[in-house]
Each structure stands twice: as C-alpha cells, then as structure tokens.
2 protein chains.
Amino acid sequence: MKARVHITLKKGVLDPQGKAIAGALAGLGFDEVADARQGKFIELDLKGEDAAAAKARVEAMCQKLLANTVIENYAVEIG
Amino acid sequence: MKARVHITLKKGVLDPQGKAIAGALAGLGFDEVADARQGKFIELDLKGEDAAAAKARVEAMCQKLLANTVIENYAVEIG
C-alpha cells in the first residue's frame, strides 16, 4: 500500500525558500507568479492491507517525526 | 489560480533522505514502512484565468528552474 504525505508550512509562517523561488521565477520572466510556497512530499511504501489503520499510523508518523506541528500542517492520502 | 507541483526523484536515483526517514520510522516502531521517498511540493499562486496556458507555463518553469530533469520528475496540477 502507498501513502502520500504533504507537509506544508502553516499560514503566516515565513517561507524564505518559497520567496526565493518566486523571485527566481520573476527573474526568468515568469511574472504571472504572485506567490510560491515550498513544502515536502513523502511517499511511503507500507506493508499491510487495512487502509483506515494505515492512515491512522501514518498520521502518528507525521505527529512524531515527519512534520513539525508547531509550524507545519500535514495531509495524508492512502492508495 | 493555484498550481500544485510535485517534484520527485526518478526511479533508480538514490534517495538518502528517504532512507533516513525509513530508518528513523523503523526506529520509532513503525516497522510496516518498507520504503520512503522524499520529494518537493511547490504551490504557486498565478495571475490569469486560462488553465491550459497556465499549465504550459508551469511546465516551462519546471524545465527551467524548479526541477533537475536529469534526476527528477515533475507533475503539474492546476486548480
């Protein structure tokens, strides 16, 4: 079973990496870019068949290791 | 308009960050994790209304700046 995890900075948290991307894109002529935010994307390969249980386990992984919940949100998709 | 870009390492490219995540999760007792791969996730806020044109522009951004196409794949979603 595959799990896809998106980890993004919470609203209001400064994102210097995103700002650098937006600035570099503007410098290349992509001036339609109003804002850019960079997050992380983690794909997990899981043993087991129970999707609901897997989702709960991956959420626990986010809480314990993958995300810094003070400044980051996470979203888990199974399948 | 929002664009979501996923940048992932191509198959066969070593992913030490993913290996570190898998190892750390195993150490925390999440032994159902067979493999982990880490990629990047970029959200762009775009001016303009034409989704098809925006997708082509964001693909050009990936080619020119966001992805290293020698070792990375990218996927663009608009909306």
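Predicted model: local features only at pLDDT ≥ 70, side-chain atom pairs only at ≥ 80, totals over all residues.
Local features are given for pLDDT of at least 70 and side-chain atom pairs only at pLDDT 80 or more, whereas totals for chains, interfaces and linings use all residues; side-chain values rest on heavy atoms, with hydrogens and water left out. Residues are numbered from 1 along each chain as its sequence is written, and chains are lettered from A and ligands numbered from 1 in the order in which they are written.

Two copies of a chain are related by a rotation about an axis and a shift along it. Here, chain B is superposed on chain A by a rotation of 180 degrees with 0.0 Å of shift along the axis, at an RMSD of 0.0 Å. This is the relation of a two-fold axis. The superposition is by least squares on the C-alpha atoms of residues with pLDDT of at least 70 in both copies. Within chain B, the residue that comes closest to the rotation axis is B:Lys40, with its C-alpha at 2.4 Å.

Contact is taken as heavy atoms within 4.5 Å. By this rule, 32 residues of chain B are in contact with 32 residues of chain A. Of the interface residues of chain B, 100% are also interface residues in chain A, so the copies meet through the same surface. The area buried between chain B and chain A is about 3000 Å², and carbon and sulfur atoms give 64% of that area. B:Phe30, B:Glu32 and B:Phe41 supply 20% of the area that chain B buries against chain A, more than any other three residues. Buried area here is the accessible area (1.4 Å probe) that two parts lose on being put together, summed over both.

A salt bridge is a side-chain nitrogen of Lys or Arg within 4 Å of a carboxyl oxygen of Asp or Glu. Across the interface of chain B and chain A, 2 salt bridges are found. A:Glu32 and B:Arg57 form a salt bridge through their side chains, at 2.7 Å from N to O. Polar contacts (pairs of N or O atoms within 3.5 Å; within protein, one must be able to donate a hydrogen and the other to accept it, and residues adjacent in sequence count only if both atoms are side-chain atoms) were also counted. Between chain B and chain A there are 17 residue pairs in polar contact, both residues being at pLDDT 80 or more. On the side of chain B that touches chain A, at least two residues each come from S1, helix H1 (16-27), S2 and helix H2 (51-66) of chain B. S2(B) gives the most to this side, with 14 residues. Helices (H or I, at least four residues) and strands (E, at least two) are DSSP runs, numbered from the N terminus.

In chain A, strand S2 (residues 33-46) includes A:Gln38. Relative accessible area under 20% is called buried, over 50% exposed, and in between partly exposed (1.4 Å probe, protein chains only). A:Gln38 is buried, at 15% relative accessibility. Leaving aside residues up to four places away in sequence, A:Gln38 touches A:Asp15, A:Gln17, A:Gly18 and A:Ile21, together with B:Lys40, B:Phe41 and B:Ile42.

Over all chains the structure holds 10 salt bridges. One of these joins A:Arg4 and A:Glu77, at 3.5 Å from N to O. A:Arg4 lies in strand S1 (residues 2-9) of chain A and A:Glu77 in strand S3 (residues 72-78) of chain A, so the pair ties together parts that are 73 residues apart in sequence. A:Arg4 is partly exposed at 26% relative accessibility, and A:Glu77 is partly exposed at 37%. In chain B, a salt bridge links B:Lys40 and B:Glu72, with the closest N and O atoms 3.8 Å apart. B:Lys40 belongs to strand S2 (residues 33-46) of chain B and B:Glu72 to strand S3 of chain B, so this pair ties together parts that are 32 residues apart in sequence. B:Lys40 is partly exposed, at 28%, whereas B:Glu72 is buried, at 12%.

A:Thr69 is placed in the loop between helix H2 (51-66) and S3 of chain A. Its relative accessibility of 31% makes A:Thr69 partly exposed. A:Thr69 and A:Lys10 are 59 residues apart along the chain, and their C-alpha atoms are separated by 8.9 Å.

A:Cys62 is buried, at 0% relative accessible area, and B:Cys62 is buried, at 0%.
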